[in-house]
Amino acid sequence: MIPEHKIQEVLERVDLVGLISRHVELKKAGREWKGRCPFHQEKTPSFYVVPEKHFYFCHGCRASGDAVSFVQRYLGKTFLDAVRDLARELGIDLEAQQDPGMRERQQLKEATDLAAEHFRSILWQDEGRSARAYITSRGVSEETAQAFGLGWAPNAWSLLAERFQKTGMLDWAMKAGLVLKRNTGDGCYDFFRSRLMVPIRAPEGRPIAFGGRLVGAEEGPKYLNSRESRLFNKSDTLFGMDQARDEVRKRKAAVLVEGYFDCIGLHQVGVRHAVALCSTNLTPGHMQVLKRGEARELVLLLDGDSAGIAAVERLAGPLLAAGATARVALLPQGDDPDVFARREGAEGVEQLLESAQPLTAYLFASLLPQGKGASFEEKMAALERLKPVAAQVPVGLVRSSLFSALAEHFGWRSNDVEAALRSKVPPTPKPAAASPEGGPAAPARPLPEKPPPPMEALYVASVLRDPRLLGRDVFRVCDELSHMGLRMALAHATSGQGTQDALFEAAESVKRAIETSWRQLPSEGQELEHAFFAICREIMVRRIDERLTYIKRATEQTPGAFDLTEETRQLLSERVELLALKKRVLEELKPASPGTKAPMQPV
């Protein structure tokens, strides 16, 4: 992926007049250049190039954009090819200038993609018989196994390593932890062997790591996960979120389990808002993933044994610290979520979820069942177990409310409860001290990503939802997009890579803007088309009004008609053309008729 700042450098350094002059005869017109539009037949020149702003536009057909869009449109290039061609001419080495971290991330993506396909294909060959038998024993159908991309790593020392060697990706595979260097001699060996492979995917659906379940062998841990990398951070990843995201958004809730196959089993019976931890801890990163997925409530579905009860205590601190609405559903003794789901089906699971208790009510009742009637020693023992939970809750309303609820359950005063737990009050983070004079300067903070304009994000989200809409863009609004990240996402999606890959490649700010826009748009059909036309209309009218405002400022000091300069005449002529264009836009992109859903306006 080409960094945005390198694309911006290409646009700023390119000689736009020189580039366009290769294909269009241009003449100087004040501070601009003028010629006949190369995109439609015309006798009177209405095509302008504005070198100061690195911009061209035509008043006749409304073609407009920058150097990249001109090369795209005139020469029929893709967005990425246009950028690369211009960079090559300017001597800008995009690969050499690329952020090393971003380049490594791209290499990890490609290595992980290859490994996922390698494991998946072997599962359905003869070598995968034992793994398929294990899948069947867990009650997982072939359809579900295919949906989750399950695979098989056979008991061969270097099968995957040899494949990476042949493709020239061995170093990338080592960075991803998929192969390891031999302790003696040359070469590498496979990290995963004799394991049923479960791809861990980003919410957009692309594999970023693996969980391997030992099958048919005795040596090694039962489960083995990929090591963390620039691509995979277990503290920011929830297994199954790619499959669950639509149902989570629909229900505004998620079900949290602790095992991969628990999550897979729930999905198979129709409980499609289930996700699983990739580690034992619940982190703020996980809570952010759920928040972005619009989960307002979390139901913990855990084993009904002592391990499940201990898990509630372990997860309670992060949930309370985040102020999350959470409930607890415990399975019958001896049941795992996937076993229960196979036996009772979706209806049985849903009944169990509906009967789930609020987190604090369950926590208090399990730690001190007798409540106020418990002995002093029992209360002190319960408080001791609660100390790790309270230690994670920052000072504030949630913490004081927790102490009040505890005091009510224990039959003690709130101050006494707080005093008993005070030894674990979380420290207040101190502001970073200024570096001493003459000492090393603190590392500069990276500049915040520029958020995409909401209306442009709505445009891109519409096209990603239904690519056919791009052909209905009669005014070429795609050339008016000012945010480079949105243009890149659109280019990736319309170049055959697909929506999921386009989002996976996008910066977080772009991803968030598109996901927010998706929630504001109608889902499909005529309503989506009407919304798309309204978005195009809004963007075009804004662009025209911006130019009209500029013309007004530039010409309002004109003393009289006889004193007009050539540049002023051009601007006044442009104003007439812009007003005509605005009228055409308003007429051709009329708002939807009454009763048709219009897009929500961005906040």
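Predicted model: local features only at pLDDT ≥ 70, side-chain atom pairs only at ≥ 80, totals over all residues.
**H3 against H4**

I started with handedness: H3 passes H4 in a right-handed crossing, where right-handed means that the near helix is turned clockwise from the far one by less than a right angle, and left-handed that it is turned anticlockwise. On the H3 side, Ala 67, Val 68, Val 71 and Gln 72 make the contact, and on the H4 side Phe 79, Ala 82, Val 83 and Leu 86 do; contact means heavy atoms within 4.5 Å. My classes: Ala, Val, Leu, Ile, Met, Phe, Trp, Tyr, Cys and Pro are nonpolar, Asp, Glu, Lys and Arg are charged, and the others, Gly among them, are polar.

Then the geometry. The axes of H3 (residues 67-75) and H4 (residues 79-90) come within 9 Å and cross at roughly 115°. Axes here are lines fitted to C-alpha atoms over the stretch in contact, with angles from 0 to 180 degrees between N-to-C directions.

**Housekeeping**

Residues are numbered from 1 along each chain as its sequence is written, and side-chain values use heavy atoms, with hydrogens and water left out.

**Whole chain**

I count 25 helices and 17 strands in the chain; these are DSSP runs, H or I of at least four residues for helices and E of at least two for strands, numbered from the N terminus. Of the 603 residues, 47% count as buried, meaning under 20% relative accessible area with a 1.4 Å probe on protein chains only. Among contacts between residues at least 6 apart in sequence, 68% join residues at least 24 apart.

**H11**

In H11 (residues 241-251) I found Met 241, Asp 242, Ala 244, Arg 245, Glu 247 and Val 248 buried. Just after H11, Lys 252 takes a positive phi of about 60°.

**Cavities**

The structure holds 2 cavities of 30 Å³ or more; a volume is the space filled by probe spheres set on the points, which are joined across faces, edges and corners.

The largest cavity comes to about 70 Å³. Its lining has 8 nonpolar, 3 polar and 1 charged residues, including Leu 108, Phe 210, Arg 227 and Phe 232. The largest share of that lining, 3 residues, comes from S10.

The second largest cavity has about 50 Å³ of space. Arg 138, Phe 261, Asp 338 and Arg 342 are among its lining residues. H12 gives the largest share of this lining, 4 residues, and the classes split as 3 nonpolar, 3 polar and 3 charged.

**Second largest pocket**

Last, open space: a pocket is an open set with protein on both sides within 12 Å along at least five of seven lines. I get about 650 Å³ for the second largest pocket. Of the 23 residues that line this pocket, Lys 53, Phe 55, Glu 480, Ser 482 and Arg 543 are the closest to its centre. H24 gives the most to the lining, with 4 residues. By class I noted 8 nonpolar, 4 polar and 11 charged.

Terms used
1 Å grid on protein atoms, 1.4 Å probe; cavity = no way out; pocket = protein on both sides within 12 Å on 5 of 7 lines; lining within 4 Å. Buried < 20%, exposed > 50% of the residue type's maximum accessible area, 1.4 Å probe, protein only.
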